[in-house]
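Me: I am new to this one. Could you take me through it?

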Protein chains: 2
Amino acid sequence: MALPHEFLAVIKTAFPGDFLTQEQAELDAYGRDWTKVFPPKPSAIVFPRTTDEVSRFLKLCSQQKIAVVPSGGRTGLSAGAVAAKGEVVLSFSKMNKMNPVDTLSQTVRVQAGAVTEAVHRHCEAHGVTWPVDFASKGSSQVGGNIATNAGGVKVIRYGMARNWVLGLQVVTMNGEVLELNGALEKNNTGIDLRQLFIGSDGTLGVITEATLKLSRLPEHLDVFFFALSDMSAVLKLFHRARQAPFPLMAFETLTRNCLEAVTSVRSLKDPFAEKHGVYVLMEVERPSNSSPSSPGDALDEWLTRLFEDGLVEDGTLAQSPREARDLWQLREGVAESIGHLGIPHKNDIALPISSLEAFVREMYEMFERRHSEFSIYLFGHIGDGNLHVNTLKPKDAELAPFLAKCHEADKDLFELVKKYQGSISAEHGIGLLKKEALKYSRTPQEMEIFRGMKKVFDPANLLNPGKIFD
Amino acid sequence: MALPHEFLAVIKTAFPGDFLTQEQAELDAYGRDWTKVFPPKPSAIVFPRTTDEVSRFLKLCSQQKIAVVPSGGRTGLSAGAVAAKGEVVLSFSKMNKMNPVDTLSQTVRVQAGAVTEAVHRHCEAHGVTWPVDFASKGSSQVGGNIATNAGGVKVIRYGMARNWVLGLQVVTMNGEVLELNGALEKNNTGIDLRQLFIGSDGTLGVITEATLKLSRLPEHLDVFFFALSDMSAVLKLFHRARQAPFPLMAFETLTRNCLEAVTSVRSLKDPFAEKHGVYVLMEVERPSNSSPSSPGDALDEWLTRLFEDGLVEDGTLAQSPREARDLWQLREGVAESIGHLGIPHKNDIALPISSLEAFVREMYEMFERRHSEFSIYLFGHIGDGNLHVNTLKPKDAELAPFLAKCHEADKDLFELVKKYQGSISAEHGIGLLKKEALKYSRTPQEMEIFRGMKKVFDPANLLNPGKIFD
């Protein structure tokens with residue numbers, strides 16, 4: 001799509017020489033995210049270095065009626081940062097500065113383009129971390145993490161990204177710079193606008209800087225891998241783990257076929273001699289004053305009782321950091337390994353924890369009854385009520401009919417999610433990919449309120465248009 | 001103010017007989033909150049028992065253009081629930097049902113009128129709690145706690161009320177019932193509308209039910225009381241405490257004159273033989289696997305080093321639950337005790353933690369230079385950057401000139417708060433009382449956005465009108 005000459009002329013005179021590119025390779029790379037479903041079609045990519053540049057650029061776009069897609073590390077799984085309709089992509093790749101860590105406040109202020117893992121490394125030396133953690137942290141950026149309210153593998157301990165944002169600097173589509181909440185832990189001065197921008201996929205404003213709340217690095221982590229008979233046993237184990245006298249850092253689950261996928265693709269060893277129905281990875285923080293020779297009497301006692309009561313069929317405890325990493329691979333490698341076996345169709349749903357058992361039973365029955373051609377790969381953050389439900393295209397099946405069938409199965413799945421008052425997108429967001437499914441989790445009234453909010457911030461619908469809602 | 005006959009006729013036919021009262025004693029009681037600054041003038045009080053009644057009532061008020069003030073336990077300190085202009089008060093006193101605790105999900109759904117302390121008792125038997133805790137918990141209600149994003153004495157450990165709300169049922173002014181987020185821990189399906197209602201003082205919608213997130217009850221708490229020379233030492237101690245290997249439950253401070261106020265008014269003993277400049281109450285959770293005979297080697301070592309390094313001048317550890325309660329009284333009794341000495345003027349400010357030392361120094365200098373007639377009583381949740389700054393009317397001074405002087409001193413104080421990017425209301429909110437001060441913490445652009453939000457939810461400005469903004 002051709003950009004107006006006047007727009008390009010202003011860019012040339014009022015912005016640095018490398019601010020805007022229309023190179024095809026850049027358009028291809030920066031126009032898409034990890035979903036790869038929608039072909040990218042941006043008209044240009046811009047690379048601001050400062051908030052002032054973002055502000056002047058958005059003001060210009062407002063004047064010229066040019067649509068903008070804010071873009072972070074592009075690791076999203078719902079096409080929230082895809083530019084498919086000739087928008088200009090506003091990339092934060094060159095806005096990645098990090099202030100020194102404020103060790104007294106336990107905060108750090110960074111630009112939106114700071115890479116998640118770089119923030120972790122930046123903080124680690126001070127004994128603190130930004131506890132937003134997931135497999136894509138090497139590419140994802142803080143601004144994107146916040147705009148999508150990222151989840152991950154430590155939500156059970158730390159909550160979502162929302163909990164770890166003290167202040168936001170946001171630029172609205174008309175170029176206004178909002179400084180929201182600064183470095184304050186407490187600030188009850190009217191509506192907390194910061195919360196509006198967290199998780200709204202860059203549809204209301206563009207996050208340019210953030211003051212992150214940091215957490216003390218955990219001391220010693222014990223990683224367990226348990227084998228259990230079925231989901232009912234997993235939930236019983238979870239109930240016990242929650243009441244146990246040590247902090248739970250992660251409580252993740254995967255079914256037998258997920259374990260087989262990851263052990264075969266990554267050449268990892270099944271930790272157990274026998275086959276089991278379902279597995280749990282549990283990570284706990286070991287009480288710091290327990291001596292290394294007796295790693296927590298409370299934990300020992302708790303474990304002994306698990307086996308006595310027959311709650312788990314087998315179990316192993318990592319004896320070294322290397323073993324811990326291997327056990328974690330069995331869980332974190334699942335999504336990628338399934339991808340190696342064929343083309344997966346992914347869903348990311350959440351249920352109230354007390355409904356999980358009934359939901360999972362009914363979901364398997366539904367697939368068996370109505371979509372028996374699918375194998376279900378079930379894994380996820382069970383401790384948060386969050387399940388990743390993947391189905392795999394059979395090797396000999398055509399793609400188009402497979403996707404059409406997935407679409408049918410999704411309808412049944414989402415009806416079931418709705419019945420149990422769940423969410424059709426626990427952590428992946430809505431973006432372009434899940435707009436159609438949104439009606440299963442949000443009402444027409446709520447959609448009307450979304451549109452009302454949008455009008456307050458972006459009446460001309462120029463900021464990430466068509467994401468979440470039309 | 002007289003209510004329209006048509007309105008009263010509908011109330012009579014379509015609602016229970018005891019739904020509405022215009023008794024003077026009820027108007028006086030339910031029209032005000034703990035601020036007692038604005039004389040109450042409601043035209044009626046209504047007592048719904050169900051969400052359906054709230055919905056039908058608000059729809060009726062919308063049709064009849066009748067303004068409504070939602071009202072919880074009325075313990076607020078900013079007149080957020082005062083009906084001073086003939087509004088109808090919507091009291092939740094009869095909507096206080098609590099569902100059974102869901103022990104697997106660690107959640108409980110309650111009506112908005114459930115009293116905070118009643119929720120605590122309801123949950124305690126299951127080894128869990130709703131960790132929103134403050135002195136007024138015996139009267140305050142969950143709906144009000146959420147609508148004002150309540151803080152309190154455990155924020156350093158658990159965060160504000162916002163963090164402990166999974167789902168909200170909200171009724172908008174046109175009578176629509178929104179079910180926001182249910183019992184879900186993770187739900188990234190568009191704008192998180194729930195966050196909008198938390199802390200917006202009932203100006204956007206009326207909270208009728210909430211699904212509360214619960215936390216495991218802490219095991220054993222150790223309560224320390226330290227004596228220090230000045231605020232600089234307090235911050236050094238805080239820095240150490242944050243890095244220490246045990247969970248910090250509270251870190252509170254008070255100056256010498258606060259301690260004298262509370263010991264004299266409540267006939268409590270000063271824990272120390274000498275006088276000191278400032279005091280800290282610190283509560284920590286004792287690692288659960290430490291035996292009672294050796295309460296945490298790590299803690300012991302940490303304490304020994306504190307004294308060796310001369311960071312604290314004196315200190316005591318509560319040896320029994322009774323002693324712990326007494327030490328807590330020294331902190332929690334401050335506000336009330338100051339009230340016994342005379343008429344206090346209260347401020348509740350927050351600063352970035354790393355600015356606290358410089359701010360406090362400059363604040364004392366400012367008072368000394370420009371308002372030396374005031375004694376400053378300084379106490380609060382220093383670990384959250386939250387200070388309560390009270391000044392006391394001298395016994396022989398007239399009230400009106402005292403208040404005028406307070407008003408002048410507030411301007412200087414708020415300019416200083418603004419200079420350090422702080423908040424003029426950390427946890428008390430804005431309501432009617434602090435509207436004038438809001439400009440020191442929020443910009444005209446933000447106020448414009450507030451008004452935009454208000455238009456989306458309540459275009460006729462009938463819901464808690466004039467609170468936070470006009």
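This is a predicted model: local features need pLDDT of at least 70, side-chain atom pairs count only at pLDDT 80 or more; totals for chains, interfaces and linings use all residues.

Me: What rotation superposes chain B on chain A?
Reply: A rotation of 180 degrees, with 0.0 Å of shift along its axis, places chain B on chain A with an RMSD of 0.0 Å. That is the relation of a two-fold axis. The same surface serves both copies, as 100% of the contact residues of chain B recur in chain A.

Me: Changing topic, which way does phi go at B:Asn181, positive or negative?
Reply: The phi of B:Asn181 is positive, about 80 degrees, although this residue is not a glycine. Most residues other than glycine have a negative phi.

Me: And where is B:Asn181 found?
Reply: B:Asn181 lies in the loop between strand S8 (177-180) and helix H7 (193-197) of chain B.

Me: Is B:Asn181 buried or exposed?
Reply: B:Asn181 counts as buried because its relative accessibility is 12%, and the cut-off for buried is under 20%.

Me: What about B:Ser267, buried or exposed?
Reply: B:Ser267 has 65% relative accessibility, so it counts as exposed. B:Ser267 also has a positive phi, of about 50 degrees, without being a glycine. Its place is the loop between helix H9 (256-265) and strand S13 (278-286) of chain B.

Me: On to the core: how many residues are in the largest nonpolar one?
Reply: The largest nonpolar core has 186 residues. Those with the most contacts inside it are A:Met282, A:Phe359, B:Met282 and B:Phe359.

Me: Which residues is B:Phe359 in contact with?
Reply: Leaving aside neighbours within four places in sequence, B:Phe359 contacts B:Ile349, B:Leu351, B:Leu387, B:Leu413, B:Leu416, B:Val417 and B:Tyr420.

Technical notes: Residues are numbered from 1 along each chain as its sequence is written. Chains are lettered from A and ligands numbered from 1 in the order in which they are written. Side-chain values use heavy atoms; hydrogens and water are left out. Copies are superposed by least squares on the C-alpha atoms of residues with pLDDT of at least 70 in both. Contact means heavy atoms within 4.5 Å. Helices (H or I, at least four residues) and strands (E, at least two) are DSSP runs, numbered from the N terminus. Buried means under 20% relative accessible area, exposed over 50%, partly exposed in between (1.4 Å probe, protein chains only). A nonpolar core is a set of buried Ala, Val, Leu, Ile, Met, Phe, Trp, Tyr and Cys residues joined through side-chain atoms within 4.5 Å.
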